[in-house]
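I opened a new notebook page for this structure. My entries cover the chain as a whole and then its pockets.

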Amino acid sequence: MSFGAFESGGRFFRGNIHTHSTNSDGHLEPEAVARHYAEAGYDFLCLSDHFLDAYGFPISDTTPFRTNRFTTMLGAELHAPANSHGELWHILAAGLPADFAPTADGEDGVALARRARATGAFVGIAHPQWSGLTIEDGRALAEIAHAVEIYNFTCDIDTARPDGTYLLDQLLNEGNRLLAYAADDAHFRWPDAGGGWMMVKAEGNEPEALLEAMKRGDFYSSQGPELRELCRDGDHLEIACSPATTICVLGRGTRAETVQGRQLTRARLPPEKFLGDWCRIVVRDASGRHAWTNPLWLD
């Protein structure tokens, strides 16, 4: 039996939901950003400019850049006081309405995230390692956010702080059912686009269908490897993928099992009872690029 994104209908669409333009601190006009991703073979984009008074609280209108092959959803990177360092929160919200109200005086990050989710947006905890978020920060958003940003390409090449797994796994161990997405966070000051994306399983390449699939967790994330199948075989898990050198399943605490080879395309993973109540699978190819499943709850 397949499960996760691999049991739902439709097909996979490639997209990036964290990127900036000249409407905030990016270096390309919105049209050029959309054109870049469309020409790179992406199916969809969320342009998530910084939702700050300094930029006029932009919800960048990308609807003119939609075609019969490429679509967009509206969104923003939201900011309000204050994380555990006393700094602004960075909260990704994909699927916001165009009239989403500016941050109110006295509105904190948790309230802002809650208001975004109430509109139907997909809410993510952006670049937790770059932000230095603590477990207390994660707990503050764990019941509001849909997902943790598991990988951020710009943070990788700019500061070597791309990771979200440390925060995600702690929150999973505490029983929070969060998803995990990868993104570019491209600003186009240097080649920082095309390094991390989502593969969303939806019935069609339309904003509403993609957004609902994202909120259901019908996606995986990648830097390159393709995940083709994930299923149960009795008490075991099986995964099929493009050629890989490492397939690792991670569970509660230190529980993990790794299969290694030169051209792995399938792996049979240990019994679910070995992994605890949740697991997630990471695939690594010969170039060092990864793909990540969403966490799977084994109950």
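The entries below record what I looked up.

**Basis.** I am working with a predicted model, where local features need pLDDT of at least 70, side-chain atom pairs count only at pLDDT 80 or more, and totals for chains, interfaces and linings use all residues. Residues are numbered from 1 along each chain as its sequence is written, and side-chain values use heavy atoms, without hydrogens and water.

**Chain.** I found eight helices and 16 strands in the chain (DSSP runs, H or I of at least four residues for helices and E of at least two for strands, numbered from the N terminus). I noted that the C-alpha trace spans about 55 × 40 × 35 Å along its principal axes. Of the 299 residues, 58% count as buried, meaning under 20% relative accessible area with a 1.4 Å probe, protein chains only.

A pocket here is an open set of points on a 1 Å grid over the protein atoms alone, where a 1.4 Å probe fits, with protein on both sides within 12 Å along at least five of seven lines; lining residues have an atom within 4 Å of a point.

**Largest pocket.** Which residues lie nearest the centre of the largest pocket? I listed Leu 179, Arg 216, Pro 295, Leu 296 and Trp 297, out of 24 lining residues. I also noted that α7 (207-216), β11 (227-233) and β16 (296-297) each supply at least two residues of this lining.

Key. Buried means under 20% relative accessible area, exposed over 50%, partly exposed in between (1.4 Å probe, protein chains only).
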